[in-house]
Amino acid sequence: MWCYLIIGESKSVLVQSEPLPDNARESLSTTGFQATSLGNAITEINRMVGHFDLFIQFQLSDETIAPDEQPEYLDTEGRAKTKAKIFLGHTSNLVSSGLRKTIRYLVQHKMVDVLVATSGGVEEDIINLFGAELRKKGLNRIGNLLGEIWTPSKIIHRLGNPIDNPPSICYWPTGCGCFYCGEDDIPIYCPALTDGSLGDMIYFHSYKSPGLIMDIAGDIRAVNSEAVFARKTGIIILGGGIVKHHICNANLMRNGADFAVYINNAQDHILGKIKLTAEPVKVYADAPLVFPLIAAETFAKHKKDINDRYFPNCLLVELYVW
């Protein structure tokens, strides 16, 4: 077992660690307190992504064909390739923290299928890269959005597509990615895009060049369709509030999600948003503390090439198991 520590300004140190017992991770589930919840969360997310092949994830072929199964899911080969659609929701403060790099890693490698964020989660990602330079030039990033109706997800795509900067979360979903475009990209939905700096810029710009129209209904139909037309869904909620409600309500339209992990310090009421047959996990903890550990034991565990080539000046602990 090797432990890679990427710390400080482009410094990489290879440290050989003592091998952990084979049951070290499994023992979390029987440790007690929030360690048990952490271990259960790792298990639940591994159920979403699959234990052996990350990009096959959940296999529908493991289940018996239901009498009312849709025609496209009757073929054995097609069922084997059907995966669970994974929704990841996060609040803006997590992007302002170091967790931004973990979220970017998952999006970069297409380990999640749908991303739902608050307004700050979008603008902080972009402002962290270019905010000072744009502000000095008096560019507020929305002056070229007039002339047609825009959904929030399309605005996010327009902001992220041309920045050409791999450390950004918004850089990696290169296509529009929304449900109706049919592109194999990750859509980023933000139901409250105006609740932040972007809203301020839209407000100021409306006096100089009125006419920008934002189509909220287009995105609510798109994100709901992401869930409704998915054969299986898994949800990972980091934080709470509007991103949790947006993802959960989308899954309510399909009678609930099949897999679910919540990481926050609130009391959650899920009422019909998770299926009765699911085994949801709630971790009462700060997401920046536990989610990198969860990601390392789930998504990244299935991928050997986990060195971060594009953002070396971060703090990241990755484990290789040979």
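**Rings and charges**

At 64% relative accessibility, Tyr 207 counts as exposed, where exposed means over 50% relative accessible area, buried under 20% and partly exposed in between, with a 1.4 Å probe and protein chains only. Before going on, note that this is a predicted model, in which local features need pLDDT of at least 70 and side-chain atom pairs count only at pLDDT 80 or more, while totals for chains, interfaces and linings use all residues. Residues are numbered from 1 along each chain as its sequence is written, and side-chain values use heavy atoms, with hydrogens and water left out.

Helices here are DSSP runs of H or I with at least four residues, strands are runs of E with at least two, and both are numbered from the N terminus. Tyr 203 has 47% relative accessibility, so it counts as partly exposed.

The structure holds three aromatic pairs. Rings of Phe, Tyr and Trp (its six-membered ring) pair if their centres lie within 6.5 Å; planes under 30 degrees apart count as stacked, over 60 as edge-to-face and the rest as tilted. Tyr 203 and Tyr 207 make an edge-to-face pair, 5.3 Å centre to centre with 90° between the planes. Together with Phe 204, these two tyrosines form one aromatic cluster. Tyr 171 and Trp 172 are also edge-to-face, because their ring centres are 4.9 Å apart and their planes stand at 85°. Both Tyr 171 and Trp 172 are buried.

Now for the charges. Arg 254 and Asp 258 meet at 3.1 Å, N to O, and both are buried. Asp 258 also bridges to Lys 275, with the closest N and O atoms 3.5 Å apart. Lys 275 is partly exposed, at 24% relative accessible area.

Finally, turn to Arg 47, which forms a salt bridge with Glu 279 at 3.9 Å between the closest N and O atoms. Arg 47 lies in helix H1 (residues 33-49) and Glu 279 in the loop between strand S9 (259-264) and strand S10 (281-284), so the pair ties together parts that are 232 residues apart in sequence.

Note on methods: Salt bridge = Lys/Arg side-chain N within 4 Å of Asp/Glu carboxyl O.
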